Amino acid sequence: MEKRYCLECGEPLRGRADQKFCSDVCRTAYHNKLHAEKNSVIRHVNSILRKNRNILTKLNTEGKTKITKEKLTREGFNFSYITNIYTTKTGNIYYYCYDQGYMSLNDHMYILVRKQEWIDN
Ligand SMILES: [Zn+2]
């Protein structure tokens, strides 16, 4: 018979064929760890999105502000993380971190907007 081991502590298992853990303690510890890992991924992404939104809020003082890509990058803006995308009828694409958005004007320039301007575009 194939030897099986507890997924948590590695002790050999002697019970039913579908047994995965040597004890309830190990089962609970294993699931708590899995859960913690998932939560830490979510926390990590949330913190990037929050930081992005804070940067956009700080820099977008006028409600609609032109800004260099360099300035966003210098603030630590992470272009890989957004919450949603909005494409206007004219084909402009706005990238949003919650209510704060931006659109690329060219390679160096961005325009920052807030969500209520969706109505106008
Ligand atoms: Zn165990």
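Helices (H or I, at least four residues) and strands (E, at least two) are DSSP runs, numbered from the N terminus. On this basis the protein chain contains 2 helices and 5 strands. Their order along the sequence is α-β-α-β-β-β-β. The model is predicted: local features need pLDDT of at least 70, side-chain atom pairs count only at pLDDT 80 or more, and totals for chains, interfaces and linings use all residues. Residues are numbered from 1 along each chain as its sequence is written.

The overall dimensions were computed next. The radius of gyration, taken over C-alpha atoms, is compared with a globule rule of 2.2 Å times the number of residues to the power 0.38. For 121 residues, a compact globule would have a value near 14 Å, but the protein chain has 24 Å. Along the principal axes, the C-alpha atoms fill a box of roughly 70 × 30 × 25 Å.

Burial was assigned from C-beta atoms placed from the backbone. A residue is buried if 20 or more other C-beta atoms lie within 10 Å of its own, exposed if 12 or fewer, and partly exposed in between. Buried residues account for 12% of the 121 residues. Contacts require C-beta atoms, placed from the backbone, within 7 Å. Of the contacts with a separation of 6 or more, 40% join residues 24 or more positions apart.

Helix α1 has 36 residues. At 1.5 Å times one less than its number of residues, α1 should span 52 Å, and its end C-alpha atoms are 52 Å apart, which agrees. The number of buried residues in α1 is 3, so the helix lies largely in the open. These buried residues are Asn52, Ile55 and Leu56. They pack against α2 (69-75), β3, β4 (100-104) and β5.

A nonpolar core is a set of buried Ala, Val, Leu, Ile, Met, Phe, Trp, Tyr and Cys residues joined through C-beta atoms within 7 Å. The largest has 10 residues: Ile55, Leu56, Phe77, Tyr94, Tyr96, Cys97, Tyr102, Tyr110, Leu112 and Val113. Two or more of these residues come from each of α1 (24-59), β3 (93-97) and β5 (109-114). In soluble globular proteins, nonpolar side chains tend to be buried together. Beyond four places in sequence, Val113 touches Lys64, Tyr94 and Gly101.

Tyr86 belongs to strand β2 (residues 84-87). Tyr86 is partly exposed because 16 other C-beta atoms lie within 10 Å. Its C-alpha atom is separated by 9.8 Å from that of Met103, 17 residues apart along the chain.

Definitions and conventions
Two residues are in contact if their C-beta atoms, placed from the backbone, lie within 7 Å.
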